[in-house]
There are 2 protein chains.
Amino acid sequence: MASLKVPTNVPLPEEDAEQLHKAFAGWGTNEKLIISILAHRTSAQRSLIRSAYAATYNEDLLKALDKELSSDFERVVMLWTLDPAERDAFLAKESTKMFTKNNWVLVEIACTRSPLDLFKVKQAYQARYKKSLEEDVAQHTSGDLRKLLLPLVSTFRYEGDEVNMRLARSEAKLLHEKVSEKAYSDDDIIRILTTRSKAQLGATLNQYNNEYGNAINKNLKEDSDNEYLKLLRAAITCLTYPEKHFEKVLRLAINKMGTDEWALTRVVTRTEVDMERIKEEYQRRNSIPLHHAVAKDTSGDYEDMLVALLGHGDV
Amino acid sequence: MASLKVPTNVPLPEEDAEQLHKAFAGWGTNEKLIISILAHRTSAQRSLIRSAYAATYNEDLLKALDKELSSDFERVVMLWTLDPAERDAFLAKESTKMFTKNNWVLVEIACTRSPLDLFKVKQAYQARYKKSLEEDVAQHTSGDLRKLLLPLVSTFRYEGDEVNMRLARSEAKLLHEKVSEKAYSDDDIIRILTTRSKAQLGATLNQYNNEYGNAINKNLKEDSDNEYLKLLRAAITCLTYPEKHFEKVLRLAINKMGTDEWALTRVVTRTEVDMERIKEEYQRRNSIPLHHAVAKDTSGDYEDMLVALLGHGDV
């Protein structure tokens, strides 16, 4: 359920490229024109615009945007214009760098994308950085964090809907035993969460909830400052209830003193995937529509671009 | 460097399918005809023959072969006729089953195939078994064996040739420290072997050899009955010198009391990949051409099929 609004009659990629080139020309930049085009095209359409732009003007559209725009508005336009796999590869790379390390983002990419999309992220990562995502994640982590994060980004999960109820019962029991012993980084907890299909995990965690009276994430909460436990809970939420995870990221990004523009921008690129669900979840939890909350907390072209991506701009 | 011999004028897939159907007809089966066709077609050609056979006779060629053939000959024809990714998926599944468990084969598939080929094996595995290779490997192993095998089958390695020499030196040093401490299942040993590209690993292990006077596998040999150490050495050989690994598998399969037909058959399916190198390595180590050794140790149609696949039959 995407929020993206695309006009009924989409101009040719060459026409869009020409308009964008005009928006960059002369003194000043026509940000409104940029928003009116890029915020209302699908990733396939944006990719064609990039090709047309490169063919006509002999320059990568991203390079041109980089020259013309700045600050938060630049970031959202650039991130959005990237192909989804390239965007995730970029976000993942940022997340393994020493000064921008963000394990939360790695969990998000590994667990909310489909298995095939995650594989495409790895291909894009290798094409751009000449290394594997796995080796960078492994090198920048250690101990329990590595034990959890590395298999999360490595496994090619099965994507089918089949569920083995016998297995769900036995693994729910196993999870409950380990959690009761507070053996949170036990091999079997990590094995189950990092290798089972999302459908199978869903069945196992439902079984856990039914049998033991609590969602597993409730039982993993005791020591709230433990980074490993936080990531474990985030992984579980991302795998089974992604819009709940994104709602939380947005809530923390918007509500705290000073907006976390990185997080806000990142989540808004979900507009082509599951933004409608995220908006519902946000409204339910915060009693205010997401685009109002975003508009209150941001301004100018950045605000306009975000609101457009949330499906509330003019097409 | 493949050993496969394909005739200059390959018949149409429909003609091959018709000949195979004739080979199955009436009393008895014409094994020579089957060999003369299937042992001399590439995987792409065999796949077209399968499609043509299914379209004309409304039956999967593999099912027909299964009905007509038996024992070792059946096994080699069936394994060979499968698409390479399907074949590896089948071999991997056999290797995770309780009674046919074979971690050696899992290491071989994970480490001698290219990263993209390994990914195709995982896709074929999921299509056929409705589960991921990772979850089956994880479920059937534990402790140090899982710690090594699971990332070996999980990681999508970088395939490029770029080598970082500074990294090679620092990781050679790290490996040497851990090996000297006999910390063979140390996180960093496993991290380096399971996540680095083959080119990078090659540089690191050369550096190790130059700096410390011994190949790493020499230093990993002390306790020869340790299954983990055996697999660790096999992984290193498969990643850096695959023909040496396959030579050893063949030598053990042929030389011991009673031939290990499973292993022999499995290695001979490398004929489309690197069989010429394996043959050179075998000749060098055993002072007898591989096809002579195989012919001495096998008989009948099974022998004829193997020898044909080794590039010594009539086309």
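Predicted model: local features only at pLDDT ≥ 70, side-chain atom pairs only at ≥ 80, totals over all residues.
Student: Where do I start with the contact between chain A and chain B?

Tutor: Start with who takes part. The contact draws 28 residues from chain A and 28 residues from chain B.

Student: How much area do chain A and chain B bury between them?

Tutor: The size of an interface is often given as the accessible area lost when the parts come together. Here chain A and chain B bury about 2,500 Å² between them. Of that area, 56% is on carbon and sulfur atoms.

Student: How many salt bridges are there between chain A and chain B?

Tutor: A salt bridge here needs a side-chain nitrogen of Lys or Arg within 4 Å of a carboxyl oxygen of Asp or Glu. Four salt bridges are counted between chain A and chain B. Take Asp188(A) with Arg146(B). Their closest N and O atoms are 3.6 Å apart, so the pair falls within the 4 Å cut-off. Polar contacts are a separate count. Ten residue pairs are in polar contact between chain A and chain B, both residues at pLDDT 80 or more.

Student: Which helices of chain A supply at least two residues each to the side that touches chain B?

Tutor: Look for H8 (115–129), H9 (133–139), H10 (143–154) and H12 (187–195) of chain A. H8(A) gives the most, with five residues.

Student: How do the residues on that side of chain A divide into nonpolar, polar and charged?

Tutor: Sort them by class. On the side of chain A that touches chain B, 13 are charged, eight are polar and seven are nonpolar.

Student: Through which surface do the copies meet?

Tutor: Compare the two residue lists. Of the interface residues of chain A, 100% are also interface residues in chain B, so the copies meet through the same surface.

Student: Into which domains is chain A divided?

Tutor: Follow the residue ranges. Domain 1 is 13–69, domain 2 is 84–154, domain 3 is 165–240 and domain 4 is 242–309. For spacing, compare centres. The centres of domain 1 and domain 2 of chain A are 29 Å apart, taken over C-alpha atoms.

Student: How many salt bridges does the structure hold over all chains?

Tutor: The total is 53. One to inspect joins Asp301(A) to Lys32(A), with the closest N and O atoms 3.1 Å apart. This pair links distant parts of the chain. Asp301(A) is in H20 (300–309) and Lys32(A) is in H2 (31–38), 269 residues apart.

Student: What else is Lys32(A) in contact with?

Tutor: Leave aside the neighbours within four places in sequence. Lys32(A) then contacts Asp304(A) as well as Asp301(A). Lys32(A) and Ser142(A) are 110 residues apart in sequence and 46 Å apart in space, C-alpha to C-alpha.

Note on methods. Residues numbered from 1 in each chain as written. Chains lettered and ligands numbered in written order. Heavy atoms only, no water. Contact = heavy atoms within 4.5 Å. Buried area = accessible area lost by both parts, 1.4 Å probe. Polar contact = N/O pair within 3.5 Å; in protein donor to acceptor, adjacent residues only side chain to side chain. Helix = DSSP H or I, 4+ residues; strand = E, 2+ residues; numbered from the N terminus. Nonpolar A, V, L, I, M, F, W, Y, C, P; charged D, E, K, R; others polar. Domains from an automatic or database assignment.
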